[in-house]
Amino acid sequence: MEITGIDQSLLRYDMADSFRPAWKPGFEQTDHEVLLFELETDTDISGVATASGFAGRMDYLELAEMFLVGEDPREIESLVEKMDPLNLWGPRPWHFEVALGIVASDSSVAGFSTSTSGVPVRHVPSM
């Protein structure tokens, strides 16, 4: 399994009421911005995570592609170490750790389901 692509989308929405975010002391905010990331793999399993606050204002796409595309998403610990230099550029990219964990756990569940029943988990009917 390998990561074949990363999509990044900026989501911005207005809040019904303003609020004072902890990550911006003294600032009143009337909208909220979130970066949405999707890690895509060659097995059609993907992982999705978001970043908000200061991390949500960083454009990680090009760096994330350099560090992650072509890598096995199940190798979370080695990929976290590989991404460590990103800490110098901005906030720790923990959202990619979350997306990697989702891909790794989904691949484990899919593999378990296929190996025990012969049916991929996405084809198992819900109860």
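User: Helices (H or I, at least four residues) and strands (E, at least two) are DSSP runs, numbered from the N terminus; in what order do the elements of the protein run?

Analyst: This is a predicted model, in which local features need pLDDT of at least 70, side-chain atom pairs count only at pLDDT 80 or more, and totals for chains, interfaces and linings use all residues. Residues are numbered from 1 along each chain as its sequence is written, and side-chain values use heavy atoms, without hydrogens and water. The protein contains 4 helices and 3 strands. From the N terminus on, their order is β-β-β-α-α-α-α.

User: In which sense do strands β2 and β3 pair, and over how many bridges?

Analyst: Strands pair if DSSP finds at least two bridges between them. Strand β2 covers residues 29–41, and strand β3 covers residues 46–52. Their pairing is antiparallel, and the number of bridges is 7.

User: Which residue of β3 stands opposite phenylalanine 37?

Analyst: Strand β3 has an uncovered face made of Ser46, Val48, Thr50 and Ser52. Its covered face consists of Gly47, Ala49 and Ala51. From that covered face, the residue opposite phenylalanine 37 is alanine 49.

User: What phi does aspartate 44 have?

Analyst: Strands β2 and β3 form a hairpin with 4 residues between them, and aspartate 44 is found in this loop. Most residues other than glycine have a negative phi. Aspartate 44 is not a glycine, yet its phi is positive, at about 65 degrees.

User: What share of the residues of the protein counts as buried?

Analyst: Glutamate 33 is one of the buried residues, with a relative accessible area of 14%. For the protein of 127 residues, the buried share is 32%.

User: How far apart are the closest N and O atoms of glutamate 33 and arginine 12?

Analyst: A salt bridge is a side-chain nitrogen of Lys or Arg within 4 Å of a carboxyl oxygen of Asp or Glu, and the structure holds 4 of them. Side chains of opposite charge can pair when their charged atoms come close. In the salt bridge of glutamate 33 with arginine 12, the closest N and O atoms are separated by 2.4 Å.

User: Why does the pair of glutamate 33 and arginine 12 tie together separate parts, and how many residues apart are they in sequence?

Analyst: Glutamate 33 is buried at 14% relative accessible area, whereas arginine 12 is exposed at 52%. Glutamate 33 belongs to strand β2 and arginine 12 to strand β1 (residues 3–19), so their pair ties together parts whose separation in sequence is 21 residues.

User: With which residue does arginine 20 form a salt bridge?

Analyst: Arginine 20 is exposed, at 59% relative accessibility. The closest N and O atoms of the pair are 3.5 Å apart, and the partner is glutamate 28.

User: Which helix holds lysine 82, the salt-bridge partner of glutamate 71?

Analyst: The closest N and O atoms of glutamate 71 and lysine 82 are 2.6 Å apart. Both residues are partly exposed, glutamate 71 at 26% and lysine 82 at 33%. The salt bridge between them links distant parts of the chain, 11 residues apart: glutamate 71 is in the loop between α1 and α2 (76–82), and lysine 82 is in helix α2.

Methods: Buried < 20%, exposed > 50% of the residue type's maximum accessible area, 1.4 Å probe, protein only.
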